[in-house]
Amino acid sequence: MAEENGAEPAVVIKVVDNGPYQVKGPVRLVGHDGEEYEPIGRTQLLCRCGKSAKKPFCDGAHVRTGFRATREE
């Protein structure tokens, strides 16, 4: 495992059914215009429904809008 040999821990991206992308680990998030986003803790929730007012972060809009998608979609 990466942590055992002193390397950076692995980044894990999980697709949440009917919800956001859950990103765990040390990441650097950069927008298309080069703007860097300040991470909030070690777990980031990234919008997948396209309706968040806090893009690229999730604000729960997927619940309010009835977004439906599984890992396979």
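User: Why is Arg-64 called exposed?

Analyst: The model is a predicted one. Arg-64 has a relative accessible area of 59%, and the term exposed applies over 50%; Arg-64 is therefore exposed.

User: What makes the pairing of Asp-59 with Arg-64 a salt bridge?

Analyst: The closest N and O atoms of Asp-59 and Arg-64 are 3.4 Å apart. The criterion asks for a side-chain nitrogen of Lys or Arg within 4 Å of a carboxyl oxygen of Asp or Glu, so the pair counts as a salt bridge. Asp-59 itself is partly exposed, at 25% relative accessibility.

User: How many salt bridges does this rule give?

Analyst: The count is 2. Among them is the one between the side chains of Glu-36 and Arg-28, with an N to O distance of 3.2 Å.

User: How do you know whether Glu-36 and Arg-28 are exposed or partly exposed?

Analyst: Partly exposed covers the range between the buried limit of 20% and the exposed limit of 50%. Glu-36, at 47% relative accessibility, is therefore partly exposed, whereas Arg-28, at 64%, is exposed.

User: Which residues make up the largest nonpolar core?

Analyst: That core has 5 residues: Cys-47, Cys-49, Ala-61, Phe-67 and Ala-69.

Terms used:
Residues are numbered from 1 along each chain as its sequence is written. This is a predicted model: local features need pLDDT of at least 70, side-chain atom pairs count only at pLDDT 80 or more; totals for chains, interfaces and linings use all residues. Side-chain values use heavy atoms; hydrogens and water are left out. A nonpolar core is a set of buried Ala, Val, Leu, Ile, Met, Phe, Trp, Tyr and Cys residues joined through side-chain atoms within 4.5 Å. Buried means under 20% relative accessible area, exposed over 50%, partly exposed in between (1.4 Å probe, protein chains only).
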